[in-house]
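The following exercises are to be worked with the sequence and the coordinates at hand. Each task is followed by a solution in steps.

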Amino acid sequence: MPHTRYGHLVSPINRLPVELLSYIFTIGAHVHDTDGAVLRPRLYDSRHEISPCLSYSPSFPYLVASVSTHWRQIALTTPQLWSKICLTVQDVAGDLSFESDDSHSLGYWALYRHLSRSSGYPLDILIDARDPDWDFSEYDISTAGRTPFADDDPTDDYIHPFSVAHMQLALNILLPHFPRCRSLAILTDRWAPMHTALQCLGSSDYLLASNASCAPLLERLVLMRCNEFASYSPNFMPRELRAPTFLPFGGLPIQPRNPSEPVKALPRLRYLTLSGVHVPWSLLPDLLPHPLSPSDNTGLHVLELSYHSSEVRQSNTEFFAALRRCPRLEDLTIRLSGPKRDSDRVGLRENGVVSLPHLTALTLGYDDSLAAIEILRQLDAPNLQMLTLEDASYPTAEDYQDSGPLLAFCSAGTHQSQHLASRPVFPQLDTATLHGVKASRDAFRMFFGSCAKLRALTLAHTALSANRALRPRAEHCPCPMLTALSIHGTSQAMDPSLGVTLATRAGCGAPLRNVRLEAEQSVALALDDVVGEEDKYGQTITRLVTEYQTASYYSQALEGAVQENRDAEERPTAPTARWTQFYTS
C-alpha cells in the first residue's frame with residue numbers, strides 16, 4: 001500500500017481520482033429515507049417537489065471538508081456541493097435585532113459561504129420561514145400591530161423568530177445571484193414576510209439596486225403561505241396587505257434576443273406554485289413563457305394555484321388567460337382557487353374553451369361543485385390520464401356538499417345525472433382519486449361506468465356508496481379494467497359489504513388484483529402489523545391491522561361475504577374483454 005512522504009499509509013479512498021471522489025461527495029449530500037435508500041437528485045422531473053433542497057443535507061459539505069486536508073481541498077473545489085442554499089428559522093433563531101441593517105449580524109454567514117464556493121454553478125434556493133411553534137397569529141409584539149382579540153392577554157408574549165427584516169435581508173443577499181438561480185422556493189406561515197418577498201422580487205427598484213438583471217435559468221418557482229385555514233375566510237387577512245401590488249420578477253428589464261420574439265420574463269420556467277399567495281392576476285400571463293411553435297418545448301409544464309380567499313381569487317378572464325399561456329401544460333392543480341361561480345359570466349362566454357392537449361394530470365379541490373363544473377366545462381383535455389377530485393370544504397362545515405353533478409359532468413359532459421355517459425369527458429383516464437367526495441350511489445355508478453380504461457382507483461373518506469357502486473349489475477361492470485383499489489378511512493375500510501363487491505367482481509371476470517385498506521391516520525398511528533394475503537380469486541388484499549382492528553374482523557367480514565357468493569365460481573365467468581367491449585363500443 002502506498003505511503004505518504006511522512007511514512008503514513010494512504011487510505012484506499014484517497015487513491016481514487018479527484019473527479020470520482022468529488023462525485024461521491026455530491027451523491028452523499030443527498031439524504032436517505034427511512035429504508036436507507038438514497039433520495040437521488042431530482043432533475044426537475046418530480047412534478048410536485050417543493051425544492052431540491054429538501055433532499056439535501058446542509059451539514060454534509062462541512063462534514064467532508066473537515067475530514068482531511070485532501071478532502072477539504074476537493075470539497076471546496078466542488079461547486080455542485082455548495083449549490084443548495086437553505087435558510088430556515090433555526091438559522092436566524094435568537095436574533096431579534098429587527099432594525100439592524102447589517103446582514104452579518106443576522107447569522108447569514110452560511111449564505112455567503114455557499115454563494116462563494118458554488119462559483120458559477122446553478123443555484124437551488126429554499127427560504128423556509130415557518131415556525132413549528134407558530135400560534136396562527138399574524139402579529140406579535142415585534143410588529144406594528146397586534147393579533148386581534150389577543151391584545152388583552154397579558155401572557156401573550158409570542159414573537160415569531162423569522163421577521164420581515166430577516167426576509168428582506170436574505171433576499172438582498174441572494175438577489176444579485178438570481179441570474180444563476182435554477183429553483184426558488186419561499187415558504188412562510190404569516191403573510192407579512194411573504195408580502196416583503198413579493199415586494200423584493202417584483203419591485204424594479206429592488207431588482208435594479210441588487211443588479212438582478214434577469215433570471216434566465218429559473219425553472220421552478222414555489223411561493224407558499226402555509227396556512228390553508230386562511231383561505232376559508234371570504235375576506236383576506238391581514239386587510240392592510242391585501243392589495244396584490246407585486247408580480248414576482250415582473251420588474252425585470254428584459255430585452256428579447258430577437259426583436260420579433262415576445263419578451264419572456266422567465267424563459268425557462270417550467271413549474272409554478274402559488275399556494276396562499278395572490279399576485280396581480282391580470283399580469284400573470286406576462287410572467288409565463290409561451291412556446292413559439294407546436295414543436296417548441298418551452299412553456300409551463302406544471303401549475304398549481306391553491307388556497308386563495310374568495311376576495312383575492314381570479315376572475316374567469318384572468319384565470320383562462322393564464323391557462324392559454326400554457327399550451328404545453330402537463331399537470332394542473334386547482335385547490336380552493338380559480339374563479340368563483342357566476343363571477344365574470346361575460347368573460348366566461350367570450351373566452352371559449354382552452355385546449356390543453358398535453359395535460360395528463362388534473363387535481364381539482366373545490367368547495368363548490370358547480371364552480372368546479374364551470375372550470376371543467378372550459379377545459380379540453382382529451383389525453384388526461386390522472387384525475388383527483390377533492391371536496392375541500394371547511395372541515396366543520398354544516399352544509400352537505402353534493403358532488404353528484406360534478407361526477408355526472410365528468411361522465412357525460414353534463415351535470416344532469418339522468419343522462420347516460422355517451423362520451424366521457426376524460427376517455428383516457430387511467431388513475432382516479434376521490435377524496436371526501438359525497439354523492440349518491442347512482443352518481444358514483446355513472447362516473448365509474450364511464451371509466452372504461454381505469455386501472456387504479458383511490459377512495460379516501462368518500463361515501464360508502466362509492467364502494468358499493470363498483471359492483472357489477474346485470475350486463476354492466478363498472479371500470480372493467482380496474483386492477484388496483486385503495487380505500488382510506490376507518491368506516492370505508494371496515495365496511496363489511498366490501499367483500500360482496502370483491503366477490504361479485506371476481507365472479508364476473510373483473511377481479512381486483514391489488515386491494516389496500518387503510519384506516520384513518522389517527523387510528524393507524526397504533527400500527528402493529530400489515531397483513532397482505534391473496535384470496536381464492538387472486539385478489540391481493542393489504543390490510544392495516546391496529547390494536548383497534550384485528551385481522552379476524554376483516555377475515556370474517558370478507559370471508560362471510562365471499563361465502564354468500566361461492567356459487568360465482570360455478571357460474572360461467574364473463575371475461576374482462578366482454579365488459580371492455582361493451583363500454584368502448
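**Exercise 1.** Is I24 buried, partly exposed or exposed?

*Solution.* The model is a predicted one. Begin with the location: I24 lies in helix α1, which spans residues 18-28. Next, take the relative accessible area of I24, which is 36%. Buried requires a value under 20% and exposed a value over 50%. I24 is therefore classed as partly exposed, because its relative accessible area is 36% and partly exposed covers the range in between.

**Exercise 2.** Describe the protein chain as a whole.

*Solution.* First, the secondary structure comprises 20 helices and 17 strands. Second, 51% of the 585 residues count as buried. Third, the chain exposes about 27000 Å², of which carbon and sulfur atoms supply 53%. Finally, consider contacts between residues at least 6 apart in sequence: 79% of them join residues at least 24 apart.

**Exercise 3.** Determine where the pLDDT falls below 50, and how such stretches should be read.

*Solution.* The average pLDDT of the chain is 77, and 70% of the residues score at least 70. Residues 96-102 have a pLDDT below 50, with ten contacts in the model beyond near neighbours in sequence. Residues 253-260 also stay under 50, and the model gives them ten contacts beyond four places in sequence. Where pLDDT is low, predicted coordinates should not be read in detail.

Terms used:
Residues numbered from 1 in each chain as written. Predicted model: local features only at pLDDT ≥ 70, side-chain atom pairs only at ≥ 80, totals over all residues. Heavy atoms only, no water. Helix = DSSP H or I, 4+ residues; strand = E, 2+ residues; numbered from the N terminus. Buried < 20%, exposed > 50% of the residue type's maximum accessible area, 1.4 Å probe, protein only. Contact = heavy atoms within 4.5 Å. Areas by Shrake-Rupley, 256 points an atom, 1.4 Å probe, with all protein chains shown as cover. pLDDT = per-residue confidence, 0-100.
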